[in-house]
Amino acid sequence: MRALLVICLLPLVASAGEVTGYARIAGGDFITALKYEDARGPTKVAPFDIMRRPVTNAEFLAFVTRNPAWRRDRVAPVFAGPDYLAHWPAPARLSPDGLGGQPVTRVSWYAANAYCEEQGARLPRWFEWEYVAAADETRRDARRDPAWRERILGWYARPSSRSLPRSGAQAANAYGVRDLHGVVWEWTDDYSALLVSGDNRNQGDPDRTQFCGAGALSIDDRENYAVLMRVAMLSSLGGSDTTMNLGFRCVREVR
Amino acid sequence: MKRLMLLLSFVAAFAAPAAAESTKPPLPRDSVYQLAAYFTDAQSRRFAWNAKRGQPQLVSMFYTSCKFVCPMIVDGGKAIEQSLSAAERERLGVTLISLDPARDTPAVLLRMRQDRDLDPVRWTLARPQPQDVRAIAGLLGIRYRALADGEFNHTTVLVLLDADGRVIARTEHVGGLPDPVFLAAVRRTLVP
(Lines give C-alpha, C1' and ligand atoms only; values in the text may rest on other atoms or scores of the structure.)
Protein backbone atom coordinates (compact mmCIF):
# COMPACT_ATOMS: atom_id res chain seq x y z
CA MET A 1 0.00 0.00 0.00
CA ARG A 2 2.76 2.38 0.93
CA ALA A 3 4.71 1.37 -2.18
CA LEU A 4 1.69 2.16 -4.30
CA LEU A 5 1.42 5.60 -2.74
CA VAL A 6 5.07 6.33 -3.42
CA ILE A 7 4.68 5.25 -7.02
CA CYS A 8 1.68 7.48 -7.43
CA LEU A 9 3.49 10.48 -6.00
CA LEU A 10 6.72 10.03 -7.94
CA PRO A 11 5.70 11.53 -11.27
CA LEU A 12 4.22 14.55 -9.52
CA VAL A 13 7.33 15.20 -7.48
CA ALA A 14 9.54 14.74 -10.52
CA SER A 15 7.60 17.17 -12.69
CA ALA A 16 7.50 19.83 -9.98
CA GLY A 17 11.22 19.60 -9.39
CA GLU A 18 12.83 19.45 -12.82
CA VAL A 19 13.98 22.76 -14.20
CA THR A 20 15.70 21.79 -17.44
CA GLY A 21 14.62 19.56 -20.30
CA TYR A 22 11.17 19.30 -21.79
CA ALA A 23 7.73 18.79 -20.24
CA ARG A 24 5.12 16.68 -22.03
CA ILE A 25 1.92 18.57 -22.85
CA ALA A 26 -0.98 16.28 -23.67
CA GLY A 27 -2.88 18.95 -25.58
CA GLY A 28 -6.62 19.08 -26.11
CA ASP A 29 -9.37 21.51 -26.99
CA PHE A 30 -8.47 25.07 -26.10
CA ILE A 31 -10.44 28.30 -26.01
CA THR A 32 -7.98 30.92 -27.18
CA ALA A 33 -8.25 34.56 -26.19
CA LEU A 34 -7.84 35.44 -29.86
CA LYS A 35 -10.82 35.69 -32.14
CA TYR A 36 -10.47 34.98 -35.84
CA GLU A 37 -13.26 35.60 -38.32
CA ASP A 38 -12.64 32.30 -40.02
CA ALA A 39 -12.33 30.00 -37.02
CA ARG A 40 -15.07 29.43 -34.46
CA GLY A 41 -15.11 27.10 -31.50
CA PRO A 42 -12.21 25.52 -29.64
CA THR A 43 -8.74 25.19 -31.14
CA LYS A 44 -7.29 21.67 -31.24
CA VAL A 45 -3.84 21.60 -29.65
CA ALA A 46 -1.91 18.41 -30.53
CA PRO A 47 0.48 16.89 -27.95
CA PHE A 48 3.97 18.39 -27.79
CA ASP A 49 7.00 18.72 -25.51
CA ILE A 50 8.05 22.19 -24.35
CA MET A 51 11.22 23.42 -22.65
CA ARG A 52 10.65 23.84 -18.92
CA ARG A 53 12.31 27.25 -18.90
CA PRO A 54 13.56 29.80 -21.46
CA VAL A 55 16.92 29.20 -23.19
CA THR A 56 19.75 30.85 -21.23
CA ASN A 57 22.69 32.99 -22.34
CA ALA A 58 25.07 30.12 -21.49
CA GLU A 59 23.08 27.70 -23.65
CA PHE A 60 22.96 30.20 -26.48
CA LEU A 61 26.70 30.83 -26.16
CA ALA A 62 27.30 27.10 -26.60
CA PHE A 63 25.14 27.20 -29.73
CA VAL A 64 26.99 30.20 -31.12
CA THR A 65 30.32 28.51 -30.39
CA ARG A 66 29.21 25.41 -32.30
CA ASN A 67 27.77 27.58 -35.10
CA PRO A 68 30.01 30.63 -35.53
CA ALA A 69 27.85 31.92 -38.38
CA TRP A 70 25.45 32.99 -35.60
CA ARG A 71 28.06 35.08 -33.74
CA ARG A 72 26.97 38.71 -33.55
CA ASP A 73 30.09 39.77 -35.49
CA ARG A 74 29.45 37.28 -38.30
CA VAL A 75 25.69 36.97 -38.67
CA ALA A 76 24.16 38.39 -41.84
CA PRO A 77 22.11 41.49 -40.94
CA VAL A 78 19.09 40.06 -42.79
CA PHE A 79 18.90 37.46 -40.00
CA ALA A 80 19.70 39.58 -36.94
CA GLY A 81 19.61 43.34 -36.36
CA PRO A 82 22.39 45.51 -34.93
CA ASP A 83 21.47 44.85 -31.27
CA TYR A 84 21.65 41.06 -31.60
CA LEU A 85 23.38 39.74 -28.43
CA ALA A 86 24.59 43.29 -27.76
CA HIS A 87 24.51 42.67 -23.97
CA TRP A 88 27.36 40.14 -24.19
CA PRO A 89 30.81 41.58 -23.43
CA ALA A 90 32.27 39.84 -26.52
CA PRO A 91 30.85 37.90 -29.51
CA ALA A 92 31.56 34.52 -27.88
CA ARG A 93 32.04 35.27 -24.19
CA LEU A 94 29.80 36.06 -21.21
CA SER A 95 30.55 38.13 -18.13
CA PRO A 96 30.93 36.10 -14.90
CA ASP A 97 28.13 38.01 -13.11
CA GLY A 98 25.33 35.49 -13.57
CA LEU A 99 24.52 36.48 -17.13
CA GLY A 100 24.94 32.85 -18.20
CA GLY A 101 21.96 31.67 -16.16
CA GLN A 102 19.63 34.43 -17.28
CA PRO A 103 17.27 33.92 -20.22
CA VAL A 104 18.94 34.92 -23.48
CA THR A 105 17.39 38.04 -24.99
CA ARG A 106 18.22 40.25 -27.98
CA VAL A 107 17.83 37.24 -30.23
CA SER A 108 16.09 37.44 -33.58
CA TRP A 109 13.45 35.00 -34.80
CA TYR A 110 15.97 33.62 -37.29
CA ALA A 111 18.54 32.98 -34.55
CA ALA A 112 15.97 31.43 -32.19
CA ASN A 113 14.71 29.29 -35.03
CA ALA A 114 18.23 28.08 -35.85
CA TYR A 115 18.84 27.22 -32.19
CA CYS A 116 15.69 25.10 -31.95
CA GLU A 117 16.39 23.46 -35.30
CA GLU A 118 19.80 22.38 -34.02
CA GLN A 119 18.03 20.77 -31.04
CA GLY A 120 15.75 18.81 -33.34
CA ALA A 121 12.98 21.12 -32.17
CA ARG A 122 11.18 24.24 -33.34
CA LEU A 123 9.71 27.39 -31.84
CA PRO A 124 6.26 26.96 -30.27
CA ARG A 125 3.27 27.98 -32.29
CA TRP A 126 1.21 30.76 -30.73
CA PHE A 127 -1.58 28.42 -29.60
CA GLU A 128 0.91 26.04 -27.99
CA TRP A 129 2.49 28.87 -26.03
CA GLU A 130 -0.87 30.33 -25.03
CA TYR A 131 -2.14 26.88 -23.98
CA VAL A 132 0.71 26.25 -21.54
CA ALA A 133 0.78 29.88 -20.40
CA ALA A 134 -2.88 29.68 -19.32
CA ALA A 135 -1.83 27.68 -16.25
CA ASP A 136 -0.79 28.86 -12.82
CA GLU A 137 0.97 26.74 -10.20
CA THR A 138 -2.03 24.52 -9.53
CA ARG A 139 -4.53 24.93 -12.37
CA ARG A 140 -4.15 24.26 -16.08
CA ASP A 141 -6.44 27.14 -16.88
CA ALA A 142 -6.25 29.99 -14.39
CA ARG A 143 -7.28 32.68 -16.83
CA ARG A 144 -10.63 33.46 -15.19
CA ASP A 145 -8.96 34.23 -11.87
CA PRO A 146 -8.60 38.00 -11.33
CA ALA A 147 -5.68 37.41 -8.93
CA TRP A 148 -3.72 35.59 -11.66
CA ARG A 149 -4.35 38.41 -14.10
CA GLU A 150 -3.32 40.96 -11.52
CA ARG A 151 -0.02 39.19 -10.95
CA ILE A 152 0.81 39.18 -14.65
CA LEU A 153 -0.16 42.79 -15.02
CA GLY A 154 2.21 43.60 -12.16
CA TRP A 155 5.10 42.25 -14.19
CA TYR A 156 4.26 44.38 -17.20
CA ALA A 157 4.21 47.42 -14.92
CA ARG A 158 7.75 46.83 -13.65
CA PRO A 159 10.53 48.80 -15.33
CA SER A 160 12.33 46.69 -17.92
CA SER A 161 15.74 48.12 -17.05
CA ARG A 162 16.03 45.83 -14.03
CA SER A 163 18.39 42.92 -14.55
CA LEU A 164 16.75 39.61 -15.38
CA PRO A 165 16.41 36.81 -12.82
CA ARG A 166 17.92 33.39 -13.38
CA SER A 167 15.96 31.35 -15.92
CA GLY A 168 13.74 28.79 -14.17
CA ALA A 169 13.85 30.51 -10.77
CA GLN A 170 10.08 31.01 -10.55
CA ALA A 171 7.73 28.24 -9.41
CA ALA A 172 6.67 25.73 -12.04
CA ASN A 173 3.12 25.90 -13.38
CA ALA A 174 0.72 22.95 -13.37
CA TYR A 175 2.56 21.45 -16.36
CA GLY A 176 5.98 21.74 -14.73
CA VAL A 177 6.89 24.69 -16.98
CA ARG A 178 8.42 27.91 -15.64
CA ASP A 179 8.76 31.57 -16.53
CA LEU A 180 6.02 31.82 -19.14
CA HIS A 181 5.13 35.07 -17.40
CA GLY A 182 7.14 37.44 -15.32
CA VAL A 183 10.60 37.25 -16.91
CA VAL A 184 10.83 37.68 -20.70
CA TRP A 185 8.69 37.82 -23.81
CA GLU A 186 9.05 34.84 -26.10
CA TRP A 187 9.18 34.33 -29.85
CA THR A 188 6.66 32.05 -31.48
CA ASP A 189 7.22 30.16 -34.71
CA ASP A 190 4.23 31.88 -36.29
CA TYR A 191 4.86 35.41 -34.95
CA SER A 192 4.17 36.78 -38.43
CA ALA A 193 0.76 35.10 -38.56
CA LEU A 194 -0.55 37.58 -36.00
CA LEU A 195 -2.00 40.11 -38.40
CA VAL A 196 -3.28 42.83 -36.15
CA SER A 197 -1.32 45.78 -37.48
CA GLY A 198 -3.59 48.73 -37.94
CA ASP A 199 -2.19 49.51 -41.38
CA ASN A 200 -5.17 48.23 -43.31
CA ARG A 201 -7.90 49.24 -40.92
CA ASN A 202 -9.41 52.28 -42.58
CA GLN A 203 -8.74 51.58 -46.19
CA GLY A 204 -11.56 51.40 -48.64
CA ASP A 205 -9.19 51.76 -51.59
CA PRO A 206 -8.96 48.35 -53.32
CA ASP A 207 -5.49 49.24 -54.65
CA ARG A 208 -4.33 49.24 -51.05
CA THR A 209 -5.78 45.89 -50.08
CA GLN A 210 -3.07 44.62 -47.82
CA PHE A 211 -4.27 41.20 -46.87
CA CYS A 212 -5.54 38.52 -49.14
CA GLY A 213 -8.87 37.13 -47.99
CA ALA A 214 -10.76 37.56 -44.77
CA GLY A 215 -9.72 36.26 -41.38
CA ALA A 216 -8.99 39.39 -39.41
CA LEU A 217 -7.88 38.89 -35.84
CA SER A 218 -9.37 40.50 -32.79
CA ILE A 219 -9.12 39.79 -29.10
CA ASP A 220 -12.04 37.90 -27.62
CA ASP A 221 -10.94 38.22 -24.03
CA ARG A 222 -10.03 41.83 -23.46
CA GLU A 223 -9.26 41.27 -19.80
CA ASN A 224 -6.44 38.90 -20.68
CA TYR A 225 -3.53 41.33 -20.70
CA ALA A 226 -0.96 38.55 -20.92
CA VAL A 227 -2.27 37.63 -24.33
CA LEU A 228 -3.22 41.12 -25.45
CA MET A 229 0.25 42.55 -24.91
CA ARG A 230 2.13 39.57 -26.32
CA VAL A 231 0.06 39.60 -29.48
CA ALA A 232 0.53 43.34 -29.89
CA MET A 233 4.28 42.96 -29.44
CA LEU A 234 4.78 39.94 -31.71
CA SER A 235 2.62 41.43 -34.43
CA SER A 236 4.87 44.49 -34.53
CA LEU A 237 8.13 42.58 -35.02
CA GLY A 238 10.12 41.57 -38.07
CA GLY A 239 12.16 38.37 -38.15
CA SER A 240 15.52 40.09 -37.69
CA ASP A 241 14.33 42.32 -34.83
CA THR A 242 15.65 41.90 -31.31
CA THR A 243 14.59 43.48 -28.04
CA MET A 244 16.14 43.54 -24.59
CA ASN A 245 13.27 41.48 -23.13
CA LEU A 246 12.53 39.04 -25.93
CA GLY A 247 13.80 35.48 -25.59
CA PHE A 248 12.49 32.05 -26.53
CA ARG A 249 12.09 28.39 -25.70
CA CYS A 250 11.69 25.42 -28.05
CA VAL A 251 9.11 22.67 -28.47
CA ARG A 252 9.39 19.20 -29.90
CA GLU A 253 6.79 17.32 -31.84
CA VAL A 254 5.45 14.20 -30.15
CA ARG A 255 5.43 11.24 -32.49
CA MET B 1 21.23 18.34 -38.73
CA LYS B 2 18.38 17.90 -41.15
CA ARG B 3 19.12 21.37 -42.44
CA LEU B 4 22.80 20.54 -42.71
CA MET B 5 22.06 17.43 -44.75
CA LEU B 6 19.83 19.45 -47.01
CA LEU B 7 22.54 22.00 -47.36
CA LEU B 8 25.12 19.37 -48.27
CA SER B 9 22.93 17.65 -50.85
CA PHE B 10 22.09 21.07 -52.13
CA VAL B 11 25.75 22.04 -52.43
CA ALA B 12 26.38 18.81 -54.34
CA ALA B 13 23.49 19.47 -56.69
CA PHE B 14 24.62 22.98 -57.47
CA ALA B 15 28.36 22.58 -57.27
CA ALA B 16 28.84 23.23 -60.99
CA PRO B 17 27.09 26.61 -61.24
CA ALA B 18 28.60 27.62 -57.91
CA ALA B 19 32.08 27.00 -59.28
CA ALA B 20 31.28 29.02 -62.37
CA GLU B 21 30.19 31.89 -60.13
CA SER B 22 33.27 31.79 -57.95
CA THR B 23 34.66 34.80 -59.79
CA LYS B 24 31.76 36.89 -58.47
CA PRO B 25 32.34 39.00 -55.37
CA PRO B 26 30.93 37.50 -52.17
CA LEU B 27 27.21 37.88 -51.61
CA PRO B 28 26.43 41.13 -49.75
CA ARG B 29 25.52 40.46 -46.13
CA ASP B 30 22.21 42.27 -46.52
CA SER B 31 21.10 40.05 -49.40
CA VAL B 32 18.01 37.86 -49.00
CA TYR B 33 20.00 35.20 -50.86
CA GLN B 34 21.89 34.67 -47.60
CA LEU B 35 19.03 32.28 -46.82
CA ALA B 36 19.92 28.84 -48.23
CA ALA B 37 16.43 28.26 -49.60
CA TYR B 38 15.68 26.29 -52.69
CA PHE B 39 12.64 25.87 -54.85
CA THR B 40 10.93 23.80 -57.50
CA ASP B 41 9.55 25.67 -60.51
CA ALA B 42 6.63 24.97 -62.89
CA GLN B 43 8.90 22.69 -64.96
CA SER B 44 9.81 20.68 -61.81
CA ARG B 45 13.35 22.08 -61.93
CA ARG B 46 15.03 22.58 -58.58
CA PHE B 47 16.96 25.79 -58.11
CA ALA B 48 18.64 27.71 -55.33
CA TRP B 49 17.29 31.13 -54.49
CA ASN B 50 20.74 32.59 -55.12
CA ALA B 51 20.59 31.25 -58.68
CA LYS B 52 18.55 34.42 -59.29
CA ARG B 53 21.62 36.46 -58.48
CA GLY B 54 22.82 38.56 -61.38
CA GLN B 55 19.41 39.89 -62.44
CA PRO B 56 17.14 42.32 -60.58
CA GLN B 57 13.94 40.58 -59.49
CA LEU B 58 10.40 41.58 -58.75
CA VAL B 59 9.33 39.23 -55.95
CA SER B 60 6.08 38.44 -54.19
CA MET B 61 4.34 35.59 -52.42
CA PHE B 62 1.00 34.15 -53.48
CA TYR B 63 -1.01 30.94 -53.63
CA THR B 64 -2.79 29.63 -56.69
CA SER B 65 -6.17 28.90 -55.10
CA CYS B 66 -6.50 32.56 -54.09
CA LYS B 67 -9.44 34.19 -55.79
CA PHE B 68 -9.18 37.85 -54.99
CA VAL B 69 -5.87 39.54 -54.24
CA CYS B 70 -3.35 37.07 -55.70
CA PRO B 71 -4.52 37.60 -59.29
CA MET B 72 -3.84 41.26 -58.56
CA ILE B 73 -0.24 40.42 -57.69
CA VAL B 74 0.21 38.95 -61.16
CA ASP B 75 -1.55 41.98 -62.65
CA GLY B 76 0.77 44.22 -60.65
CA GLY B 77 3.86 42.45 -62.01
CA LYS B 78 2.50 42.65 -65.55
CA ALA B 79 1.69 46.35 -65.14
CA ILE B 80 5.30 47.03 -64.13
CA GLU B 81 6.59 45.04 -67.11
CA GLN B 82 4.30 46.88 -69.52
CA SER B 83 5.60 50.22 -68.28
CA LEU B 84 9.17 49.24 -69.18
CA SER B 85 10.94 49.39 -72.52
CA ALA B 86 11.65 46.06 -74.24
CA ALA B 87 15.33 46.36 -73.26
CA GLU B 88 14.46 47.05 -69.63
CA ARG B 89 11.97 44.20 -69.56
CA GLU B 90 14.67 41.77 -70.69
CA ARG B 91 16.80 42.65 -67.69
CA LEU B 92 14.06 42.13 -65.06
CA GLY B 93 13.00 38.79 -63.63
CA VAL B 94 9.74 38.13 -61.76
CA THR B 95 9.75 35.50 -59.00
CA LEU B 96 6.43 34.57 -57.39
CA ILE B 97 6.87 32.28 -54.39
CA SER B 98 4.03 30.10 -53.15
CA LEU B 99 2.77 30.34 -49.56
CA ASP B 100 1.09 26.98 -50.07
CA PRO B 101 3.73 24.42 -51.17
CA ALA B 102 1.45 21.55 -50.14
CA ARG B 103 -1.04 22.34 -52.88
CA ASP B 104 1.01 24.42 -55.32
CA THR B 105 2.77 21.53 -57.05
CA PRO B 106 4.72 22.11 -60.28
CA ALA B 107 1.68 20.91 -62.25
CA VAL B 108 -0.54 23.49 -60.53
CA LEU B 109 2.07 26.21 -61.08
CA LEU B 110 2.34 25.24 -64.75
CA ARG B 111 -1.41 25.55 -65.18
CA MET B 112 -1.34 29.00 -63.58
CA ARG B 113 1.52 30.07 -65.84
CA GLN B 114 -0.46 29.01 -68.89
CA ASP B 115 -3.76 30.46 -67.64
CA ARG B 116 -2.16 33.80 -66.88
CA ASP B 117 0.04 33.73 -69.99
CA LEU B 118 3.29 34.34 -68.11
CA ASP B 119 6.55 34.41 -70.08
CA PRO B 120 8.52 31.35 -68.89
CA VAL B 121 11.85 33.11 -69.42
CA ARG B 122 11.14 36.19 -67.30
CA TRP B 123 8.62 34.74 -64.82
CA THR B 124 9.35 32.03 -62.28
CA LEU B 125 6.62 30.42 -60.18
CA ALA B 126 8.43 28.89 -57.24
CA ARG B 127 7.40 26.23 -54.74
CA PRO B 128 9.52 26.49 -51.56
CA GLN B 129 10.27 23.79 -49.00
CA PRO B 130 7.43 23.88 -46.42
CA GLN B 131 9.81 24.59 -43.53
CA ASP B 132 11.28 27.63 -45.32
CA VAL B 133 8.07 29.53 -46.09
CA ARG B 134 8.01 31.71 -42.97
CA ALA B 135 11.73 32.44 -43.16
CA ILE B 136 11.42 33.57 -46.78
CA ALA B 137 8.32 35.64 -45.96
CA GLY B 138 10.20 37.29 -43.09
CA LEU B 139 13.00 38.46 -45.39
CA LEU B 140 10.43 40.00 -47.73
CA GLY B 141 8.43 41.59 -44.88
CA ILE B 142 5.41 39.42 -45.68
CA ARG B 143 3.06 38.29 -42.88
CA TYR B 144 0.59 35.47 -43.46
CA ARG B 145 -1.70 33.01 -41.77
CA ALA B 146 -3.35 29.85 -43.08
CA LEU B 147 -7.10 30.14 -42.63
CA ALA B 148 -9.46 27.36 -41.56
CA ASP B 149 -10.91 27.05 -45.07
CA GLY B 150 -7.55 26.59 -46.83
CA GLU B 151 -7.20 30.21 -47.90
CA PHE B 152 -4.36 32.40 -46.69
CA ASN B 153 -4.48 35.82 -45.15
CA HIS B 154 -1.32 37.60 -46.29
CA THR B 155 0.44 40.85 -46.97
CA THR B 156 0.06 41.86 -50.60
CA VAL B 157 3.25 43.46 -51.74
CA LEU B 158 5.71 43.66 -54.62
CA VAL B 159 9.35 43.69 -53.53
CA LEU B 160 12.20 44.84 -55.76
CA LEU B 161 15.53 43.06 -55.31
CA ASP B 162 18.69 44.29 -56.99
CA ALA B 163 20.97 41.88 -58.84
CA ASP B 164 22.58 40.86 -55.54
CA GLY B 165 19.29 40.20 -53.75
CA ARG B 166 19.14 43.37 -51.67
CA VAL B 167 15.68 44.81 -51.02
CA ILE B 168 15.60 48.12 -52.91
CA ALA B 169 11.91 49.05 -52.81
CA ARG B 170 8.48 47.67 -52.00
CA THR B 171 4.92 48.66 -52.80
CA GLU B 172 1.53 47.59 -51.59
CA HIS B 173 -0.10 49.21 -54.61
CA VAL B 174 -0.64 46.13 -56.73
CA GLY B 175 -3.02 45.87 -59.65
CA GLY B 176 -4.20 48.81 -61.70
CA LEU B 177 -1.62 51.45 -62.53
CA PRO B 178 1.90 50.88 -61.17
CA ASP B 179 3.05 52.84 -58.15
CA PRO B 180 5.15 55.63 -59.79
CA VAL B 181 7.75 55.75 -57.01
CA PHE B 182 8.20 51.98 -57.16
CA LEU B 183 8.37 52.01 -60.96
CA ALA B 184 11.09 54.66 -60.84
CA ALA B 185 13.07 52.45 -58.45
CA VAL B 186 12.68 49.52 -60.86
CA ARG B 187 13.98 51.65 -63.75
CA ARG B 188 16.98 52.86 -61.72
CA THR B 189 17.84 49.31 -60.71
CA LEU B 190 17.70 48.17 -64.35
CA VAL B 191 20.25 50.71 -65.57
CA PRO B 192 23.04 48.51 -66.95
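Two strands are said to pair if DSSP finds at least two bridges between them. Helices (H or I, at least four residues) and strands (E, at least two) are DSSP runs, numbered from the N terminus. This is a predicted model, in which local features need pLDDT of at least 70, side-chain atom pairs count only at pLDDT 80 or more, and totals for chains, interfaces and linings use all residues. Residues are numbered from 1 along each chain as its sequence is written, while chains are lettered from A and ligands numbered from 1 in the order in which they are written.

**The sheet in chain B**

- In chain B, 7 strands make an open sheet with mixed pairing, in the order E2-E1-E5-E4-E3-E8-E9.
- Strand E2 (46–48) and E9 of chain B are at the edges with a single partner strand each, so one side of each has no neighbour in the sheet.
- Strand E4 (residues 93–98) and strand E5 (residues 123–128) of chain B pair in the parallel sense over 4 bridges, and B:Ile97 has B:Ala126 in E5(B) as its bridge partner.

**Strand E8 and its partners**

- Strand E3 (residues 57–62) of chain B pairs with E8(B) in the antiparallel sense over 3 bridges, with B:Gln57 opposite B:Leu161.
- On its other pairing, E8(B) joins strand E9 (residues 167–171) of chain B, antiparallel over 4 bridges; here B:Leu160 stands opposite B:Ala169.
- E8(B) and E9(B) form a hairpin with 5 residues between them, and B:Gly165 in the turn has a positive phi of about 85°.
- In a regular strand, side chains alternate between the two faces of the sheet.
- Both faces of strand E8 (residues 158–161) of chain B are covered: B:Leu158 and B:Leu160 on one side, and B:Val159 and B:Leu161 on the other, are all buried.
- Buried means that 20 or more other C-beta atoms lie within 10 Å of the residue's own (exposed: 12 or fewer; partly exposed: in between), with C-beta atoms placed from the backbone.

**Helix H4 and A:Ile50 in chain A**

- In helix H4 (residues 126–133) of chain A, 7 of the 8 residues are buried, including A:Trp126, A:Glu128 and A:Val132.
- Leaving aside neighbours within four places in sequence, A:Ile50 is in contact with residues including A:Glu128, A:Val132 and A:Arg249.
- Contact means that the C-beta atoms of two residues, placed from the backbone, lie within 7 Å.
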